[in-house]
Structures are given as structure tokens and as C-alpha cells.
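Take the two chains in turn, from overall layout down to single residues.

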Amino acid sequence: MTIDITVTINGRLYRASVEPRLLLSDFLRDTLGLTGTHVGCEHGVCGACTVIIDGDSVRSCLTLAVRADGATITTVEGLGTPEQLNALQHQFRECHGLQCGFCTPGMLMTGMDLLKKYPLATDDQIREGLSGNLCRCTGYQNIVAAIRAAAALRNETTP
Amino acid sequence: MKAGDVAYFRAQSVSDAVAAFRSCEGDARYLAGGQSLLAAMNLRLLTPDLLIDIAHIDALRGIERRGGEIRIGALTRHAEILSSPIIASHVPLLAAAAPWVAHPAIRNKGTIGGSIAFADPASEFPAVALALNARIELDNGDSVRFVEAQDFFLDLYETAAEPGEILSAVWFPVATPDQRCTFDELARRRGDYAIVGVAIVADFSGEIVDRIRIVFFSVGSTPVRALRAEAALTGTALVDTDIELAQQALAGDLSPSDDVQVSAATRMHLASVLLRRQLGKLPVPTPKAVRA
Ligand SMILES: Cc1cc2nc3c(=O)[nH]c(=O)nc-3n(C[C@H](O)[C@H](O)[C@H](O)COP(=O)(O)OP(=O)(O)OC[C@H]3O[C@@H](n4cnc5c(N)ncnc54)[C@H](O)[C@@H]3O)c2cc1C
Ligand code: FES
Ligand code: FES
């Protein structure tokens, strides 16, 4: 059994025919070659696969591709480019918010959702917002610092 | 790991969904937020033959006041519970529990219907439903019936819902002015399932407790009411000696077991600590008399 779906990802429209059991994470990575979204655990615990679907951060490993039919999705490829990082990516670089980079796509997508919902995010809100994302390298402090810096800069530039 | 092969059907109505369930010869499962079901399927703990997607059924949505109750549609997501002004003012215990449920990305998808129907003994919402004795609305496509929360949670992941019945809504009583509530849990990391947690709701006359319901979760195969501790506190003003008696009574209420996180003895101790701490926090309607 396959089902036809139409999905907008990073501003581009994709049509595909997918098996019901296909996870959105595998659809992004294997079918479309968008390998920026990482897969760590496939049961919702690590947060590496987090993407934004219709404005909310969501686990792509706990979403069936068939259910993304009609949705608008942003993955890490939809943030900045290597030449022109977006503001949050830039702060991850400035603050040394990554080492191996495995968790980083999920951290960024979670951070984007967090900054949208709590523009004045406090440290507590940032830590609580990141509670579902595991990082085995950084010790988290610099990830929190990067999100804090992005929030502060944005609030400086938008009166 | 990857989920096994499965067929998929998107239902437009409850009767549509129930008909698909009844005509499936293998194992059919309703798919709501998928935050428990897909995790279990990816681990191949569950290998259903058919997923019936109920997320597009409008009748399962909405939060509204109906007389003395708030009806919360099954598809209401944890994130919506967290931000709903109606729930904040009328079902404060549920609002207090919501931040403890999982992490933001999971709260953006997981539903209250899925949480109550799944009946994980470590889950927050089943405990809140039991503390407030919410009414669970069950729809079999032809008719609707109600089961009180105290008769709903039967055993580990086992509820009073019949096979094929859809949990369509949960009805919570509106909090009265003399009611106070509190919620807390202990977990290794924010958003993880609790090692032990408690939901308390009390009705006061002045500073005297008229009625109190205390529900612990993550201490057995279902959420558990601490009936003896409740009895020890009824009619008291929750002074320290009353609370000590309730802590002693707790030993007769709970019989937790060991798991990978903590021993049964530690869990029992933590339950007792949590009880004292939360009773101390219960905001008593009128100021307590100054103790000598
Ligand atoms: C990493 C992680 C951490 C989590 N932490 C917590 C936590 O701390 N506390 C907590 O409470 N939960 C936690 N959860 C679970 C989460 O809250 C789930 O969303 C919830 O338990 C199930 O809701 P759902 O809508 O996703 O249901 P689904 O996963 O879609 O379904 C779960 C089960 O219920 C059935 N079902 C769903 N809806 C209905 C309905 N309306 N009628 C009849 N049957 C139905 C399904 O058939 C299935 O068997 C966590 C999940 C993950 C992945
Ligand atoms: S891969 Fe999705 S949360 Fe770990
Ligand atoms: S940078 Fe390596 S896991 Fe986070």
C-alpha cells in the first residue's frame, strides 16, 4: 500500500508516493536526500530529528510521512546557508554551541520554536525548552548561551 | 529500528473510524498524536495491521464549558492544555500538571485522549483525571457512554474502554472557590516520566479540610488514591501533626515496586516527602491561625 502526498519543505513543493509506515525522518533523509535532519533514537527521546511542522516543533521520527500531507515543514536546511547563517546558527558558532554537531539540527529547530513562543526567553525557559534534546558533547552551557544571545540580539534590533 | 508494515486509513468521523476498526481482521489501532504509539511501533513493541487516523475528526476537538463541567475533546494537544485560559481558571490541577508532561515537541503532538486511553501508570493526566474524578466519554459510533475515572483505570495499560470504543472527550468538574489543588513530581530530568508524582485536590470550610483526594502516580500499575492518608487529613487544618499522621498512613496506601531507577523503599520515601511538601504548599483559603 502506498499513499500520495504533497508537502512543502523549506519553501519547495514535493510530491511522493509513500508507504504508511515510512517515518517523516526517513522520508526527509532517504527519499528526499535532506540529510540535515539527524536520527538518533527513533523513539522520541533524543530530539535530534526535530523539525518544524506548521509552526510547531515536532519529532520527525514520531510522525508518519503520510500525515505530513498538505503540511508546511522547515528543516535545518531551511534556516541559513553556510555562507549566510541565520541569527541563531550564527550564535551557535559564536558561542561554541556545538562540537560534533550531531544534536545541532534538533537543537536549532527546537531553539527556533522556543524563540518564537518565548521571545524574551529566560534561562529557565531555555533550559526547560531544551529538556527533550540530548547532547553528548557540549555540556549544554554553550547551547543555552547561544539561544540566550540570539534572543538578546533580536530584542535589541526589534524595538 | 523501523516500524513494521501497516495499512493506513484516515477517518472523517467517529462512526467511520469504528467501522474501520470492526472490519479489520487483524490488530487495528487508533492513531491520535502518535507520541506513544509510533514510539512503540518503531521499537516493534506493537505491530498493528491497521492504523486508523482519528486526527481529522472535528467532533473530537474543542475545550468548552458545559454546565458545571469543562469538556475537553480527545484530540486536545498537551500544548493547548498548557495555554488554555479556560483550563487555567476552571481546571487548575490539569493546568498545573501539563508542564510536567514530556517535552515541548512532544506536547505539540500528544493528545489528552491518547494519554488517558493509553493509561501509562507514570502519566500525569490519568492521575489528574482520577483526583478530580473526571468523566471519560466513550463513543462506539452508535452511542456515547460515560465512565468515571475511578472506574476507568483497571490495570497496566488497561482501561474500561471496550475494544473499538473511541475516547471522545474528558469532562472535568469546574473548580469551586473553596477548592485548592497542587501537583508535583520527582524525575531525573525535566520532562521524563516521573519516579513518583502526586496530584492533590481539597475542599475547605474555612481552614478545615472537608474533602481531600490524593492521587499518586508511577507507584503501581494504575494511578493510586491514597485513601488512608485522605482519611487522616479530612476534618483537620493540615497542621504538622496531621501531615505526619497522613505520612504514616501512606504505608498502607501504596505498595510500589523496584525498577531500574529506584528501589521500592526509595520510592515510598519519596512519596512521603512529596506528600508533606505538597500539603505544606496547599494554599489554605483563609490564613492559618498562628501556631504557638
Ligand atoms: C520522549 C517521550 C517522553 C514522554 N514523556 C511523557 C511524560 O512525561 N508524561 C506523559 O504523560 N506522557 C509522556 N509521553 C507520552 C505522550 O504524552 C503521549 O502523547 C501520550 O501518552 C499519548 O498521546 P497520543 O495522542 O500521542 O496517542 P497515540 O500515541 O496516538 O496513541 C496511544 C494509544 O492510545 C490509543 N488512543 C489514542 N487516542 C485514542 C482515542 N481518542 N480513543 C481511543 N484510543 C485512543 C491508541 O490507539 C494507542 O494505543 C512521552 C512520550 C515521549 C515520546
Ligand atoms: S530520532 Fe527522533 S527523537 Fe531521537
Ligand atoms: S555537539 Fe555532539 S551531540 Fe551535541
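A residue is buried if 20 or more other C-beta atoms lie within 10 Å of its own, exposed if 12 or fewer, and partly exposed in between, with C-beta atoms placed from the backbone. Helices (H or I, at least four residues) and strands (E, at least two) are DSSP runs, numbered from the N terminus.

This is a predicted model: local features need pLDDT of at least 70, side-chain atom pairs count only at pLDDT 80 or more, and totals for chains, interfaces and linings use all residues. Residues are numbered from 1 along each chain as its sequence is written, while chains are lettered from A and ligands numbered from 1 in the order in which they are written.

Stay with α11(B). The buried set is Arg267(B), Leu270(B), Ala271(B), Leu274(B), Leu275(B) and Leu279(B). Seen down the helix axis, these buried residues fall within an arc of 160°, so they line one face of α11(B). The arc is that of the directions from the helix axis to the C-beta atoms. Their cover includes strands β11 (179–186), β12 (196–205) and β13 (208–217) of chain B, along with helices α9 (227–233) and α10 (240–253) of chain B.

Now step back to the domains. Chain B is divided into domain 1 (7–52), domain 2 (60–173) and domain 3 (179–281). Domain bounds come from an automatic or database domain assignment. The centres of domain 1 and domain 2 of chain B, taken over C-alpha atoms, are separated by 19 Å. Across that boundary, 13 residues of domain 1 of chain B are in contact with 16 residues of domain 2 of chain B. Contact requires C-beta atoms, placed from the backbone, within 7 Å. Helix α1 (residues 14–23) of chain B gives the most to the domain 1 side, with 7 residues.

Turn to chain A. It has 5 helices and 5 strands. Along the sequence they follow the pattern β-β-α-β-β-β-α-α-α-α. The C-alpha atoms of chain A fill a box of roughly 50 × 35 × 30 Å, taken along the principal axes. Buried residues make up 47% of the 159 residues in chain A. Among contacts in chain A between residues at least 6 apart in sequence, 60% join residues at least 24 apart.

Technical notes:
Contact = placed C-beta atoms within 7 Å.
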